[in-house]
Number of protein chains: 2
Amino acid sequence: MITENNIAHSKTADCSQCTIRSRSLFGTVDESKMRMTQKYRDKYCRFSAGEVIHNERDSIDYAFTLRTGCLILYNYLDSGERQILRVVLPGDFVGFSRNNKGELLYSIKAETDSGICLFFDDNVTKMINENSEIAKRLIDLQSHEMSLCQQRVLNLGQKNATESVAYLIMELYSRIRVQSPDDFNFATGEAFFPLNQADMGDALGLTKVHVNRVIAGFKEQGLLTCGRKKMRVIDEESLSDIAQFDIDLIEEPFRQFI
Amino acid sequence: MITENNIAHSKTADCSQCTIRSRSLFGTVDESKMRMTQKYRDKYCRFSAGEVIHNERDSIDYAFTLRTGCLILYNYLDSGERQILRVVLPGDFVGFSRNNKGELLYSIKAETDSGICLFFDDNVTKMINENSEIAKRLIDLQSHEMSLCQQRVLNLGQKNATESVAYLIMELYSRIRVQSPDDFNFATGEAFFPLNQADMGDALGLTKVHVNRVIAGFKEQGLLTCGRKKMRVIDEESLSDIAQFDIDLIEEPFRQFI
DNA sequence: CGACCTTTTGATTGGCGTCAAAATCTGTGG
DNA sequence: CCACAGATTTTGACGCCAATCAAAAGGTCG
(Lines give C-alpha, C1' and ligand atoms only; values in the text may rest on other atoms or scores of the structure.)
Protein backbone atom coordinates (compact mmCIF):
# COMPACT_ATOMS: atom_id res chain seq x y z
CA MET A 1 0.00 0.00 0.00
CA ILE A 2 1.20 3.48 -0.73
CA THR A 3 2.05 5.54 2.35
CA GLU A 4 3.60 8.97 2.85
CA ASN A 5 6.99 7.26 2.91
CA ASN A 6 6.63 6.20 -0.68
CA ILE A 7 5.80 9.57 -2.08
CA ALA A 8 8.75 11.41 -3.55
CA HIS A 9 8.86 14.93 -4.90
CA SER A 10 7.74 14.83 -8.49
CA LYS A 11 10.68 16.98 -9.43
CA THR A 12 12.92 14.03 -8.76
CA ALA A 13 11.48 12.37 -11.83
CA ASP A 14 10.79 14.98 -14.44
CA CYS A 15 9.25 13.85 -17.73
CA SER A 16 11.96 15.72 -19.62
CA GLN A 17 14.58 13.47 -17.99
CA CYS A 18 12.66 10.28 -18.64
CA THR A 19 14.61 7.68 -20.58
CA ILE A 20 11.70 5.33 -21.18
CA ARG A 21 9.17 7.92 -22.29
CA SER A 22 9.13 6.58 -25.85
CA ARG A 23 7.93 3.19 -24.66
CA SER A 24 5.41 4.54 -22.20
CA LEU A 25 1.82 5.65 -22.37
CA PHE A 26 3.08 9.00 -23.66
CA GLY A 27 5.30 7.41 -26.28
CA THR A 28 3.34 8.85 -29.18
CA VAL A 29 2.79 12.29 -27.68
CA ASP A 30 5.08 14.93 -29.12
CA GLU A 31 7.81 16.18 -26.80
CA SER A 32 6.54 19.71 -27.18
CA LYS A 33 3.45 18.66 -25.25
CA MET A 34 5.48 17.33 -22.38
CA ARG A 35 4.09 19.84 -19.94
CA MET A 36 0.61 18.65 -20.81
CA THR A 37 1.39 15.01 -20.10
CA GLN A 38 3.27 15.75 -16.92
CA LYS A 39 0.27 17.67 -15.68
CA TYR A 40 -1.72 14.44 -15.58
CA ARG A 41 0.73 12.70 -13.33
CA ASP A 42 -0.37 12.87 -9.74
CA LYS A 43 2.56 11.42 -7.84
CA TYR A 44 5.96 9.89 -8.11
CA CYS A 45 6.45 7.03 -5.62
CA ARG A 46 9.40 4.88 -4.65
CA PHE A 47 9.40 1.35 -3.27
CA SER A 48 12.17 -0.80 -1.85
CA ALA A 49 12.85 -4.34 -3.04
CA GLY A 50 10.34 -6.68 -1.43
CA GLU A 51 7.71 -4.04 -0.64
CA VAL A 52 4.14 -5.04 -1.46
CA ILE A 53 2.50 -2.19 -3.36
CA HIS A 54 -0.97 -3.64 -3.65
CA ASN A 55 -2.83 -6.67 -2.34
CA GLU A 56 -4.95 -8.90 -4.56
CA ARG A 57 -8.62 -7.96 -4.45
CA ASP A 58 -8.18 -4.67 -2.64
CA SER A 59 -9.86 -1.76 -4.32
CA ILE A 60 -7.61 0.73 -6.04
CA ASP A 61 -8.13 4.14 -7.57
CA TYR A 62 -5.02 4.64 -9.64
CA ALA A 63 -2.89 3.20 -12.39
CA PHE A 64 0.79 3.82 -13.04
CA THR A 65 3.80 3.60 -15.30
CA LEU A 66 6.88 1.89 -13.92
CA ARG A 67 9.78 4.30 -14.36
CA THR A 68 12.68 2.39 -12.80
CA GLY A 69 13.15 -1.05 -11.27
CA CYS A 70 11.07 -4.17 -11.61
CA LEU A 71 7.72 -5.32 -10.24
CA ILE A 72 5.90 -8.63 -10.28
CA LEU A 73 2.16 -9.19 -10.49
CA TYR A 74 1.00 -12.43 -8.87
CA ASN A 75 -1.83 -14.46 -7.36
CA TYR A 76 -1.94 -16.96 -4.54
CA LEU A 77 -4.10 -20.07 -4.68
CA ASP A 78 -5.78 -21.64 -1.65
CA SER A 79 -3.04 -24.26 -1.66
CA GLY A 80 -0.50 -21.53 -0.98
CA GLU A 81 1.04 -21.78 -4.43
CA ARG A 82 1.95 -18.50 -6.08
CA GLN A 83 1.60 -17.79 -9.78
CA ILE A 84 3.54 -14.86 -11.17
CA LEU A 85 1.33 -13.40 -13.90
CA ARG A 86 3.58 -10.72 -15.29
CA VAL A 87 7.00 -9.21 -14.77
CA VAL A 88 6.80 -5.43 -15.11
CA LEU A 89 9.74 -3.48 -16.53
CA PRO A 90 10.26 0.26 -17.05
CA GLY A 91 7.73 1.83 -19.41
CA ASP A 92 5.04 -0.76 -18.71
CA PHE A 93 1.64 0.49 -17.65
CA VAL A 94 -0.06 -1.26 -14.74
CA GLY A 95 -3.38 -1.08 -12.98
CA PHE A 96 -6.05 -2.04 -15.46
CA SER A 97 -7.93 -5.31 -15.60
CA ARG A 98 -10.22 -4.69 -12.67
CA ASN A 99 -13.17 -6.96 -12.03
CA ASN A 100 -16.72 -5.64 -12.06
CA LYS A 101 -16.31 -4.31 -8.51
CA GLY A 102 -13.31 -2.26 -9.51
CA GLU A 103 -10.86 -4.54 -7.69
CA LEU A 104 -7.48 -5.39 -9.08
CA LEU A 105 -7.18 -9.16 -9.29
CA TYR A 106 -3.49 -9.50 -8.53
CA SER A 107 -0.96 -8.41 -5.95
CA ILE A 108 1.92 -6.14 -6.88
CA LYS A 109 5.36 -6.37 -5.33
CA ALA A 110 8.56 -4.47 -5.98
CA GLU A 111 11.09 -7.09 -6.99
CA THR A 112 13.87 -4.51 -6.90
CA ASP A 113 13.96 -0.88 -5.77
CA SER A 114 11.45 0.83 -8.02
CA GLY A 115 9.86 4.15 -8.92
CA ILE A 116 6.39 4.65 -10.38
CA CYS A 117 4.56 7.55 -12.01
CA LEU A 118 1.06 7.44 -10.58
CA PHE A 119 -2.20 8.59 -12.17
CA PHE A 120 -5.49 8.62 -10.30
CA ASP A 121 -8.38 7.06 -12.22
CA ASP A 122 -9.98 10.47 -12.72
CA ASN A 123 -6.90 11.69 -14.46
CA VAL A 124 -6.65 8.58 -16.61
CA THR A 125 -10.23 9.18 -17.71
CA LYS A 126 -9.37 12.81 -18.38
CA MET A 127 -6.31 11.91 -20.44
CA ILE A 128 -8.31 9.53 -22.55
CA ASN A 129 -11.16 11.94 -23.06
CA GLU A 130 -9.02 14.94 -23.87
CA ASN A 131 -6.39 13.28 -25.95
CA SER A 132 -7.22 10.56 -28.43
CA GLU A 133 -3.50 10.04 -29.03
CA ILE A 134 -3.16 8.75 -25.49
CA ALA A 135 -6.31 6.64 -25.79
CA LYS A 136 -4.95 5.00 -28.92
CA ARG A 137 -1.58 4.45 -27.32
CA LEU A 138 -3.23 2.78 -24.34
CA ILE A 139 -5.13 0.46 -26.67
CA ASP A 140 -1.89 -0.47 -28.42
CA LEU A 141 -0.08 -1.09 -25.13
CA GLN A 142 -2.92 -3.27 -23.89
CA SER A 143 -2.99 -5.27 -27.06
CA HIS A 144 0.77 -5.75 -26.92
CA GLU A 145 0.49 -6.93 -23.33
CA MET A 146 -2.25 -9.31 -24.39
CA SER A 147 0.06 -10.91 -26.96
CA LEU A 148 2.65 -11.53 -24.28
CA CYS A 149 0.04 -13.01 -21.97
CA GLN A 150 -1.21 -15.35 -24.68
CA GLN A 151 2.34 -16.50 -25.31
CA ARG A 152 2.54 -17.33 -21.61
CA VAL A 153 -0.58 -19.45 -21.96
CA LEU A 154 1.08 -21.25 -24.85
CA ASN A 155 4.20 -21.87 -22.76
CA LEU A 156 2.41 -23.15 -19.73
CA GLY A 157 -0.01 -25.26 -21.71
CA GLN A 158 2.14 -27.00 -24.25
CA LYS A 159 5.83 -26.59 -23.59
CA ASN A 160 7.95 -28.84 -21.40
CA ALA A 161 10.18 -27.54 -18.63
CA THR A 162 13.25 -27.04 -20.82
CA GLU A 163 11.33 -25.09 -23.44
CA SER A 164 9.48 -22.87 -21.03
CA VAL A 165 12.50 -22.02 -18.88
CA ALA A 166 14.34 -21.10 -22.07
CA TYR A 167 11.38 -18.94 -23.09
CA LEU A 168 11.20 -17.08 -19.81
CA ILE A 169 14.93 -16.39 -19.87
CA MET A 170 14.86 -15.17 -23.47
CA GLU A 171 11.78 -13.02 -22.96
CA LEU A 172 13.05 -11.30 -19.84
CA TYR A 173 16.62 -10.97 -21.07
CA SER A 174 15.41 -9.34 -24.30
CA ARG A 175 13.00 -7.05 -22.52
CA ILE A 176 15.65 -5.91 -20.06
CA ARG A 177 17.92 -5.00 -22.97
CA VAL A 178 15.19 -2.85 -24.50
CA GLN A 179 13.31 -1.50 -21.51
CA SER A 180 15.94 -1.28 -18.81
CA PRO A 181 19.25 -0.67 -20.61
CA ASP A 182 20.94 0.48 -17.40
CA ASP A 183 20.64 -3.11 -16.18
CA PHE A 184 22.22 -4.46 -19.34
CA ASN A 185 25.93 -4.45 -20.03
CA PHE A 186 26.14 -4.26 -23.79
CA ALA A 187 29.87 -5.01 -23.76
CA THR A 188 29.66 -8.31 -21.89
CA GLY A 189 26.04 -9.25 -22.53
CA GLU A 190 25.44 -9.56 -18.83
CA ALA A 191 22.08 -8.42 -17.50
CA PHE A 192 20.86 -7.80 -14.00
CA PHE A 193 18.16 -10.48 -13.81
CA PRO A 194 15.40 -9.65 -11.34
CA LEU A 195 14.05 -13.18 -10.75
CA ASN A 196 15.70 -15.90 -8.71
CA GLN A 197 15.10 -19.55 -9.51
CA ALA A 198 12.20 -19.88 -7.07
CA ASP A 199 10.51 -16.89 -8.75
CA MET A 200 11.08 -18.44 -12.16
CA GLY A 201 9.40 -21.58 -10.91
CA ASP A 202 6.41 -19.55 -9.73
CA ALA A 203 6.16 -17.93 -13.14
CA LEU A 204 6.32 -21.25 -14.98
CA GLY A 205 4.43 -23.62 -12.72
CA LEU A 206 7.62 -25.55 -11.94
CA THR A 207 9.50 -26.15 -8.70
CA LYS A 208 12.70 -24.27 -8.02
CA VAL A 209 14.46 -27.64 -7.88
CA HIS A 210 13.46 -28.47 -11.41
CA VAL A 211 14.20 -24.98 -12.70
CA ASN A 212 17.67 -25.41 -11.25
CA ARG A 213 18.21 -28.70 -13.07
CA VAL A 214 17.10 -27.22 -16.37
CA ILE A 215 19.37 -24.20 -15.98
CA ALA A 216 22.26 -26.47 -15.01
CA GLY A 217 21.68 -28.22 -18.34
CA PHE A 218 21.86 -24.92 -20.24
CA LYS A 219 25.11 -24.04 -18.47
CA GLU A 220 26.62 -27.42 -19.34
CA GLN A 221 25.73 -26.88 -22.99
CA GLY A 222 27.40 -23.47 -22.86
CA LEU A 223 24.18 -21.63 -23.72
CA LEU A 224 24.39 -19.19 -20.81
CA THR A 225 26.12 -18.29 -17.60
CA CYS A 226 24.32 -16.98 -14.58
CA GLY A 227 24.54 -16.41 -10.88
CA ARG A 228 22.62 -14.67 -8.17
CA LYS A 229 20.38 -12.33 -10.10
CA LYS A 230 22.77 -12.14 -13.03
CA MET A 231 22.24 -13.60 -16.46
CA ARG A 232 24.42 -13.71 -19.55
CA VAL A 233 23.01 -15.46 -22.58
CA ILE A 234 25.85 -16.77 -24.73
CA ASP A 235 23.92 -18.49 -27.51
CA GLU A 236 20.74 -16.52 -28.12
CA GLU A 237 19.93 -18.40 -31.28
CA SER A 238 19.99 -21.86 -29.75
CA LEU A 239 18.03 -20.75 -26.70
CA SER A 240 15.45 -19.04 -28.91
CA ASP A 241 15.11 -22.22 -30.95
CA ILE A 242 14.61 -24.35 -27.88
CA ALA A 243 12.08 -21.85 -26.55
CA GLN A 244 10.33 -21.21 -29.87
CA PHE A 245 10.81 -17.59 -28.90
CA ASP A 246 10.28 -14.81 -31.41
CA ILE A 247 12.08 -11.54 -30.76
CA ASP A 248 9.51 -9.64 -32.84
CA LEU A 249 7.15 -9.82 -29.89
CA ILE A 250 9.45 -7.81 -27.68
CA GLU A 251 10.28 -4.87 -29.88
CA GLU A 252 8.35 -1.66 -29.81
CA PRO A 253 4.60 -2.25 -29.40
CA PHE A 254 2.86 -2.12 -32.75
CA ARG A 255 1.34 1.24 -33.54
CA GLN A 256 -1.88 0.15 -35.03
CA PHE A 257 -3.64 3.48 -34.80
CA ILE A 258 -1.70 6.50 -35.85
CA MET B 1 -9.85 -16.62 -45.03
CA ILE B 2 -12.85 -14.54 -45.93
CA THR B 3 -14.20 -15.13 -49.44
CA GLU B 4 -17.27 -13.93 -51.31
CA ASN B 5 -19.10 -16.95 -49.94
CA ASN B 6 -18.78 -15.69 -46.41
CA ILE B 7 -20.17 -12.25 -47.03
CA ALA B 8 -23.84 -11.92 -46.21
CA HIS B 9 -26.07 -8.93 -46.77
CA SER B 10 -25.64 -6.62 -43.84
CA LYS B 11 -29.37 -6.30 -43.61
CA THR B 12 -29.51 -9.87 -42.35
CA ALA B 13 -27.90 -8.67 -39.16
CA ASP B 14 -29.19 -5.23 -38.34
CA CYS B 15 -27.84 -3.52 -35.22
CA SER B 16 -31.39 -2.82 -34.10
CA GLN B 17 -32.05 -6.57 -33.95
CA CYS B 18 -28.82 -7.34 -32.13
CA THR B 19 -29.31 -9.19 -28.87
CA ILE B 20 -25.73 -8.88 -27.67
CA ARG B 21 -25.24 -5.20 -28.42
CA SER B 22 -25.05 -4.33 -24.74
CA ARG B 23 -22.01 -6.54 -24.28
CA SER B 24 -20.29 -5.45 -27.47
CA LEU B 25 -17.98 -2.65 -28.46
CA PHE B 26 -21.07 -0.46 -28.80
CA GLY B 27 -22.45 -1.45 -25.42
CA THR B 28 -22.09 2.02 -23.96
CA VAL B 29 -23.29 3.91 -27.03
CA ASP B 30 -26.84 5.14 -26.73
CA GLU B 31 -29.41 3.33 -28.87
CA SER B 32 -30.35 6.59 -30.52
CA LYS B 33 -26.93 6.63 -32.13
CA MET B 34 -27.41 3.20 -33.61
CA ARG B 35 -27.26 4.44 -37.15
CA MET B 36 -23.89 5.99 -36.39
CA THR B 37 -22.42 2.77 -35.07
CA GLN B 38 -23.86 0.65 -37.85
CA LYS B 39 -22.25 2.98 -40.35
CA TYR B 40 -18.82 1.83 -39.15
CA ARG B 41 -19.53 -1.80 -39.82
CA ASP B 42 -18.14 -2.86 -43.15
CA LYS B 43 -19.43 -6.39 -43.59
CA TYR B 44 -21.43 -9.17 -42.03
CA CYS B 45 -19.87 -12.58 -42.67
CA ARG B 46 -20.96 -16.12 -41.95
CA PHE B 47 -18.80 -19.19 -41.36
CA SER B 48 -19.65 -22.85 -41.06
CA ALA B 49 -18.46 -25.02 -38.20
CA GLY B 50 -14.87 -26.03 -38.82
CA GLU B 51 -14.03 -23.20 -41.23
CA VAL B 52 -10.67 -21.51 -40.63
CA ILE B 53 -11.20 -17.74 -40.70
CA HIS B 54 -7.60 -16.68 -40.29
CA ASN B 55 -4.20 -18.34 -40.23
CA GLU B 56 -1.59 -17.59 -37.57
CA ARG B 57 0.94 -15.01 -38.73
CA ASP B 58 -0.95 -13.92 -41.82
CA SER B 59 -1.44 -10.21 -42.11
CA ILE B 60 -4.92 -8.91 -41.50
CA ASP B 61 -6.62 -5.56 -41.98
CA TYR B 62 -9.78 -5.92 -39.95
CA ALA B 63 -11.19 -6.67 -36.52
CA PHE B 64 -14.66 -7.95 -35.67
CA THR B 65 -17.36 -8.63 -33.15
CA LEU B 66 -18.74 -12.16 -32.96
CA ARG B 67 -22.49 -11.93 -33.31
CA THR B 68 -23.58 -15.56 -33.22
CA GLY B 69 -21.84 -18.89 -32.76
CA CYS B 70 -18.46 -19.69 -31.26
CA LEU B 71 -14.87 -19.31 -32.41
CA ILE B 72 -11.57 -20.53 -31.04
CA LEU B 73 -8.21 -18.75 -31.20
CA TYR B 74 -5.23 -21.08 -31.16
CA ASN B 75 -1.56 -21.66 -31.92
CA TYR B 76 0.37 -24.68 -33.10
CA LEU B 77 3.83 -25.50 -31.79
CA ASP B 78 6.55 -27.13 -33.90
CA SER B 79 5.75 -30.38 -32.13
CA GLY B 80 2.27 -30.29 -33.64
CA GLU B 81 0.59 -29.61 -30.31
CA ARG B 82 -2.22 -27.09 -30.39
CA GLN B 83 -2.92 -24.58 -27.64
CA ILE B 84 -6.35 -22.97 -27.59
CA LEU B 85 -5.77 -19.43 -26.34
CA ARG B 86 -9.32 -18.17 -26.11
CA VAL B 87 -12.88 -19.30 -26.75
CA VAL B 88 -14.84 -16.47 -28.36
CA LEU B 89 -18.55 -16.06 -27.62
CA PRO B 90 -21.12 -13.55 -28.94
CA GLY B 91 -20.28 -9.94 -28.13
CA ASP B 92 -16.54 -10.56 -27.89
CA PHE B 93 -14.26 -8.38 -29.95
CA VAL B 94 -11.44 -10.08 -31.86
CA GLY B 95 -8.52 -9.00 -33.98
CA PHE B 96 -6.21 -6.95 -31.83
CA SER B 97 -2.88 -8.05 -30.41
CA ARG B 98 -0.88 -7.83 -33.61
CA ASN B 99 2.89 -8.06 -33.49
CA ASN B 100 5.06 -5.20 -34.72
CA LYS B 101 4.59 -6.32 -38.32
CA GLY B 102 0.84 -6.08 -38.01
CA GLU B 103 0.36 -9.85 -38.02
CA LEU B 104 -2.17 -11.59 -35.86
CA LEU B 105 -0.37 -14.19 -33.76
CA TYR B 106 -3.09 -16.82 -33.65
CA SER B 107 -5.36 -18.76 -35.97
CA ILE B 108 -9.12 -18.35 -35.82
CA LYS B 109 -11.57 -21.16 -36.46
CA ALA B 110 -15.34 -21.31 -36.33
CA GLU B 111 -16.13 -23.96 -33.74
CA THR B 112 -19.82 -23.80 -34.65
CA ASP B 113 -21.72 -21.96 -37.38
CA SER B 114 -20.95 -18.32 -36.73
CA GLY B 115 -21.63 -14.76 -37.88
CA ILE B 116 -19.27 -11.79 -37.43
CA CYS B 117 -19.62 -8.02 -37.78
CA LEU B 118 -16.46 -6.88 -39.52
CA PHE B 119 -14.67 -3.53 -39.27
CA PHE B 120 -11.69 -2.64 -41.42
CA ASP B 121 -8.78 -1.15 -39.48
CA ASP B 122 -9.41 2.26 -41.01
CA ASN B 123 -12.88 2.27 -39.61
CA VAL B 124 -11.75 1.11 -36.20
CA THR B 125 -9.32 4.02 -36.14
CA LYS B 126 -12.09 6.34 -37.23
CA MET B 127 -14.46 5.07 -34.53
CA ILE B 128 -11.85 5.62 -31.87
CA ASN B 129 -10.91 9.05 -33.11
CA GLU B 130 -14.43 10.29 -33.56
CA ASN B 131 -16.01 8.77 -30.51
CA SER B 132 -14.25 8.62 -27.17
CA GLU B 133 -17.11 6.54 -25.81
CA ILE B 134 -16.12 3.72 -28.13
CA ALA B 135 -12.43 4.16 -27.34
CA LYS B 136 -13.14 3.87 -23.63
CA ARG B 137 -15.33 0.84 -24.19
CA LEU B 138 -12.60 -0.84 -26.18
CA ILE B 139 -10.15 -0.19 -23.35
CA ASP B 140 -12.57 -1.74 -20.87
CA LEU B 141 -13.18 -4.78 -23.07
CA GLN B 142 -9.47 -5.32 -23.53
CA SER B 143 -8.82 -5.05 -19.84
CA HIS B 144 -11.63 -7.51 -19.11
CA GLU B 145 -10.17 -9.93 -21.61
CA MET B 146 -6.78 -9.50 -19.99
CA SER B 147 -8.23 -10.57 -16.64
CA LEU B 148 -9.58 -13.75 -18.20
CA CYS B 149 -6.26 -14.45 -19.86
CA GLN B 150 -4.38 -14.00 -16.60
CA GLN B 151 -6.76 -16.41 -14.92
CA ARG B 152 -5.88 -18.91 -17.62
CA VAL B 153 -2.21 -18.45 -16.79
CA LEU B 154 -3.04 -19.15 -13.16
CA ASN B 155 -4.93 -22.31 -14.13
CA LEU B 156 -2.26 -23.70 -16.37
CA GLY B 157 0.56 -22.81 -14.04
CA GLN B 158 -0.67 -23.90 -10.65
CA LYS B 159 -3.81 -25.99 -10.82
CA ASN B 160 -3.95 -29.74 -11.24
CA ALA B 161 -6.05 -31.48 -13.87
CA THR B 162 -9.20 -31.73 -11.75
CA GLU B 163 -9.11 -28.07 -10.81
CA SER B 164 -8.41 -26.75 -14.25
CA VAL B 165 -11.00 -28.90 -16.01
CA ALA B 166 -13.53 -27.69 -13.44
CA TYR B 167 -12.46 -24.13 -14.12
CA LEU B 168 -12.82 -24.41 -17.87
CA ILE B 169 -16.26 -25.94 -17.56
CA MET B 170 -17.46 -23.30 -15.10
CA GLU B 171 -16.01 -20.42 -17.10
CA LEU B 172 -17.49 -21.51 -20.39
CA TYR B 173 -20.81 -22.62 -18.93
CA SER B 174 -21.23 -19.27 -17.19
CA ARG B 175 -20.22 -17.28 -20.21
CA ILE B 176 -22.63 -19.18 -22.45
CA ARG B 177 -25.47 -18.37 -20.05
CA VAL B 178 -24.65 -14.67 -20.25
CA GLN B 179 -23.36 -14.20 -23.78
CA SER B 180 -25.21 -16.84 -25.76
CA PRO B 181 -28.54 -17.36 -23.98
CA ASP B 182 -30.03 -19.09 -27.01
CA ASP B 183 -27.64 -21.93 -26.33
CA PHE B 184 -28.70 -22.15 -22.71
CA ASN B 185 -31.84 -23.86 -21.50
CA PHE B 186 -32.73 -21.97 -18.34
CA ALA B 187 -35.39 -24.54 -17.39
CA THR B 188 -33.09 -27.57 -17.40
CA GLY B 189 -29.71 -25.88 -16.98
CA GLU B 190 -28.45 -27.60 -20.08
CA ALA B 191 -26.10 -25.67 -22.33
CA PHE B 192 -24.89 -26.32 -25.83
CA PHE B 193 -21.18 -26.74 -25.11
CA PRO B 194 -18.98 -25.89 -28.09
CA LEU B 195 -15.84 -27.83 -27.06
CA ASN B 196 -15.38 -31.58 -27.18
CA GLN B 197 -13.01 -33.31 -24.80
CA ALA B 198 -10.06 -33.15 -27.19
CA ASP B 199 -10.58 -29.38 -27.52
CA MET B 200 -10.74 -29.05 -23.76
CA GLY B 201 -7.45 -30.86 -23.54
CA ASP B 202 -5.91 -28.45 -26.03
CA ALA B 203 -7.14 -25.52 -23.96
CA LEU B 204 -5.73 -26.93 -20.74
CA GLY B 205 -2.52 -28.62 -21.79
CA LEU B 206 -3.97 -32.05 -21.00
CA THR B 207 -4.66 -35.09 -23.16
CA LYS B 208 -8.21 -35.92 -24.13
CA VAL B 209 -7.77 -39.22 -22.29
CA HIS B 210 -7.07 -37.49 -19.04
CA VAL B 211 -9.81 -34.90 -19.55
CA ASN B 212 -12.18 -37.81 -19.99
CA ARG B 213 -11.12 -39.42 -16.73
CA VAL B 214 -11.54 -36.17 -14.83
CA ILE B 215 -15.00 -35.57 -16.28
CA ALA B 216 -15.95 -39.18 -15.51
CA GLY B 217 -15.07 -38.37 -11.90
CA PHE B 218 -17.32 -35.31 -11.88
CA LYS B 219 -20.18 -37.37 -13.29
CA GLU B 220 -19.72 -40.03 -10.62
CA GLN B 221 -19.88 -37.38 -7.92
CA GLY B 222 -23.07 -36.06 -9.46
CA LEU B 223 -21.59 -32.62 -10.16
CA LEU B 224 -22.64 -32.55 -13.81
CA THR B 225 -24.03 -34.49 -16.71
CA CYS B 226 -22.78 -34.13 -20.24
CA GLY B 227 -22.69 -35.71 -23.62
CA ARG B 228 -21.67 -34.84 -27.14
CA LYS B 229 -21.40 -31.04 -26.98
CA LYS B 230 -23.94 -30.79 -24.21
CA MET B 231 -23.23 -29.75 -20.63
CA ARG B 232 -25.46 -29.50 -17.58
CA VAL B 233 -23.83 -28.39 -14.36
CA ILE B 234 -25.79 -29.76 -11.41
CA ASP B 235 -23.71 -28.48 -8.52
CA GLU B 236 -22.28 -25.12 -9.50
CA GLU B 237 -21.09 -24.38 -6.00
CA SER B 238 -18.99 -27.51 -5.60
CA LEU B 239 -17.52 -27.19 -9.06
CA SER B 240 -16.69 -23.52 -8.45
CA ASP B 241 -14.99 -24.47 -5.19
CA ILE B 242 -12.92 -27.16 -6.85
CA ALA B 243 -12.00 -24.75 -9.63
CA GLN B 244 -11.46 -21.73 -7.38
CA PHE B 245 -13.68 -20.01 -9.93
CA ASP B 246 -15.17 -16.60 -9.26
CA ILE B 247 -18.35 -15.70 -11.13
CA ASP B 248 -17.60 -11.99 -10.72
CA LEU B 249 -15.10 -12.28 -13.53
CA ILE B 250 -17.73 -13.28 -16.03
CA GLU B 251 -20.38 -10.66 -15.48
CA GLU B 252 -20.54 -7.46 -17.46
CA PRO B 253 -17.08 -6.00 -18.12
CA PHE B 254 -16.27 -3.31 -15.60
CA ARG B 255 -16.97 0.19 -16.85
CA GLN B 256 -13.98 1.95 -15.56
CA PHE B 257 -14.30 5.06 -17.68
CA ILE B 258 -17.70 6.55 -17.96
C1' DC C 1 -25.46 -50.32 -42.98
C1' DG C 2 -20.80 -48.65 -42.93
C1' DA C 3 -17.43 -44.82 -42.30
C1' DC C 4 -16.03 -41.67 -39.10
C1' DC C 5 -15.79 -39.15 -34.99
C1' DT C 6 -15.94 -38.97 -30.02
C1' DT C 7 -15.96 -41.09 -25.66
C1' DT C 8 -14.44 -44.65 -22.63
C1' DT C 9 -11.38 -48.05 -20.47
C1' DG C 10 -6.90 -50.51 -19.38
C1' DA C 11 -1.85 -51.14 -18.92
C1' DT C 12 2.44 -49.03 -18.75
C1' DT C 13 5.83 -45.17 -18.74
C1' DG C 14 8.13 -40.97 -17.70
C1' DG C 15 8.67 -36.02 -16.48
C1' DC C 16 8.49 -33.35 -12.87
C1' DG C 17 7.27 -33.03 -7.85
C1' DT C 18 8.51 -34.04 -3.16
C1' DC C 19 11.48 -34.52 0.60
C1' DA C 20 15.86 -33.83 2.52
C1' DA C 21 20.27 -32.04 3.13
C1' DA C 22 24.57 -30.01 1.66
C1' DA C 23 27.03 -26.25 -0.52
C1' DT C 24 27.50 -21.56 -1.74
C1' DC C 25 26.60 -16.78 -1.56
C1' DT C 26 25.38 -12.16 0.86
C1' DG C 27 24.98 -8.95 4.12
C1' DT C 28 25.51 -7.51 8.92
C1' DG C 29 27.56 -6.56 13.15
C1' DG C 30 31.15 -7.29 16.51
C1' DC D 1 38.43 -9.06 9.03
C1' DC D 2 35.93 -12.72 10.69
C1' DA D 3 31.69 -14.97 12.52
C1' DC D 4 27.21 -16.02 11.77
C1' DA D 5 22.38 -16.06 10.20
C1' DG D 6 19.61 -16.24 6.32
C1' DA D 7 18.78 -16.66 1.56
C1' DT D 8 19.72 -19.06 -2.69
C1' DT D 9 21.63 -22.69 -5.39
C1' DT D 10 22.85 -27.43 -5.94
C1' DT D 11 22.56 -32.48 -5.53
C1' DG D 12 20.35 -37.13 -4.55
C1' DA D 13 16.65 -40.64 -3.78
C1' DC D 14 12.10 -41.70 -4.44
C1' DG D 15 7.01 -41.14 -5.70
C1' DC D 16 3.03 -39.69 -8.31
C1' DC D 17 0.18 -37.35 -11.69
C1' DA D 18 -0.70 -37.18 -16.16
C1' DA D 19 1.22 -38.90 -20.77
C1' DT D 20 1.45 -42.58 -23.92
C1' DC D 21 -0.03 -46.53 -26.38
C1' DA D 22 -3.69 -49.38 -27.63
C1' DA D 23 -8.18 -50.81 -28.39
C1' DA D 24 -13.13 -51.09 -27.59
C1' DA D 25 -17.62 -48.96 -27.31
C1' DG D 26 -20.93 -45.72 -28.48
C1' DG D 27 -23.01 -41.83 -31.54
C1' DT D 28 -23.89 -39.56 -35.79
C1' DC D 29 -24.58 -38.98 -40.55
C1' DG D 30 -24.70 -39.96 -45.35
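**Contacts in a predicted model**

Trainee: How many residues of domain 1 of chain A are in contact with domain 2 of chain A?
Mentor: This is a predicted model: local features need pLDDT of at least 70, side-chain atom pairs count only at pLDDT 80 or more, and totals for chains, interfaces and linings use all residues. Residues are numbered from 1 along each chain as its sequence is written, while chains are lettered from A and ligands numbered from 1 in the order in which they are written. Contact means C-beta atoms, placed from the backbone, within 7 Å. Domain 2 of chain A contributes 10 residues, and domain 1 of chain A contributes 12.

Trainee: How far apart do the C-alpha centres of these two domains of chain A lie?
Mentor: Domain bounds come from an automatic or database domain assignment. In chain A it gives domain 1 (4-131) and domain 2 (159-249). Their C-alpha centres lie apart by 25 Å.

Trainee: Which helix of chain B gives the most to the side that touches chain A?
Mentor: Chain B has 46 residues in contact with 46 of chain A. Strand 6 (82-88), helix 2 (121-130) and helix 3 (132-158) of chain B each supply at least two residues of that side. Helices (H or I, at least four residues) and strands (E, at least two) are DSSP runs, numbered from the N terminus. With 18 residues, the top contributor is helix 3.

Trainee: Which helix gives the most to the surface near DNA strand C?
Mentor: Near means a C-beta atom, placed from the backbone, within 6 Å of the strand. 17 residues surround DNA strand C, and Asn160(A) and Asn196(B) are among the closest. With six residues, the top contributor is helix 6 of chain B.

Definitions and conventions
Two residues are in contact if their C-beta atoms, placed from the backbone, lie within 7 Å.
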